[in-house]
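Have the viewer open as you read.

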Amino acid sequence: MNILIINGPNLNLLGVREPDTYGNQSFDDYLSILQKKISSVKIDYFQSNSEGEIINKIHKSGFSVDGIVLNAGAYTHTSVAIADAVSAVAAPVVEVHISNVFKREEFRHHSFLSPVCKGVIAGFGLDSYRLAIESLM
């Protein structure tokens, strides 16, 4: 099984950005642990702060991977274009959020992605990624 994790804007700063909300661990450190925990799955990783690059990656990989775990960051709440890209590909996509977005600002309560994703996992910290991968297995 081959799963692609896509992280959106500002998630390159995990471990240093708002540790009360996002924790102290970098995504690279977490990814290393995750790959050991789920060694039966090939996990590829992509991060971009650019909406267009995220869309291009979904287009490029969405017909060849077994699933995509997508944390689009703030684009979750603004990007019809990313939602359209998710709708256009064959791979199932699970929307992920590290924090519980429903305990945060009102604008974070709406997702353009949720209606086109297989499911949504939010609020379990970095472990949300593991839960999303397990839902795709």
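β1 and β2 run parallel and are joined by six bridges. Helices and strands here are DSSP runs (H or I of at least four residues for helices, E of at least two for strands), numbered from the N terminus. Two strands count as paired if DSSP finds at least two bridges between them. Along this pairing, Ile3 sits opposite Ile43 in β2. β1 also pairs with β3, again in the parallel sense, over five bridges. In β3, Ile3 has Gly67 as its bridge partner, and Ile6 has Leu70.

A word on provenance: this is a predicted model, so local features need pLDDT of at least 70 and side-chain atom pairs count only at pLDDT 80 or more, while totals for chains, interfaces and linings use all residues. Residues are numbered from 1 along each chain as its sequence is written, and side-chain values use heavy atoms, with hydrogens and water left out.

## The whole sheet

Zooming out, the five strands make an open sheet in the order β2-β1-β3-β4-β5, with parallel pairing. β2 and β5 are the edge strands, each pairing on one side only. From one strand to the next, the twist averages 20 degrees. α2 packs on this sheet and touches β1 and β2, and its direction makes about 165 degrees with that of β2. (Axes are lines fitted to C-alpha atoms, for helices over the stretch in contact, and angles run from 0 to 180 degrees between N-to-C directions.)

Why is β1 largely enclosed by the rest of the structure? Because five of its six residues are buried. Buried means under 20% relative accessible area, exposed means over 50%, and partly exposed is in between, with a 1.4 Å probe and protein chains only.

The buried residues of α2 are Phe27, Tyr30, Leu31 and Leu34. They cover an arc of only 100 degrees around the axis, so they end up on the same side of α2; that arc is taken over the directions from the helix axis to the C-beta atoms. They pack against β1, β2 and α5. The face turned away from this buried side carries the exposed residues Asp28 and Lys36.

Lys37 is also in α2, and at 56% relative accessibility it counts as exposed. Lys37 and Arg130 are 93 residues apart in sequence, yet their C-alpha atoms are 8.7 Å apart in space. Arg130 belongs to α5 (residues 127-136), where Ser128, Tyr129, Arg130, Ala132, Ile133 and Leu136 are buried. Those buried α5 residues pack against β1 (2-7), α2, β2 (42-47), β3 (67-71), β4 (93-97) and β5 (119-122).

In soluble globular proteins, nonpolar side chains tend to be buried together. Here, the largest nonpolar core has 22 residues, and those with the most contacts inside it are Ile5, Phe27, Leu34, Val69, Tyr129 and Ile133. β1, α2, β4 and α5 each supply at least two residues of this core. A second, separate core has 19 residues, including Ile58, Tyr75, Ala83 and Ala85. (A nonpolar core is a set of buried Ala, Val, Leu, Ile, Met, Phe, Trp, Tyr and Cys residues joined through side-chain atoms within 4.5 Å.)

Which residues does Ile5 contact, leaving aside its neighbours within four places in sequence? The list is Phe27, Leu31, Leu34, Ile43, Asp44, Tyr45, Phe46, Val69, Tyr129 and Ile133. Contact means heavy atoms within 4.5 Å.

## Rings

There are four aromatic pairs in the structure. One of them is Phe27 with Tyr30, a tilted pair at 5.9 Å centre to centre with 55 degrees between the planes. Rings of Phe, Tyr and Trp (its six-membered ring) pair if their centres lie within 6.5 Å; planes under 30 degrees apart count as stacked, over 60 as edge-to-face and the rest as tilted.

Phe27 and Tyr30 are three residues apart in α2 (residues 27-37), so about one helical turn separates them. Phe27 is buried at 3% relative accessible area, and Tyr30 is buried too, at 7%. Ring pairs link Phe27, Tyr30, Tyr45 and Tyr129 into a cluster.

Asn10 lies in the loop between β1 and α1 (19-22), and at 37% relative accessibility Asn10 counts as partly exposed.
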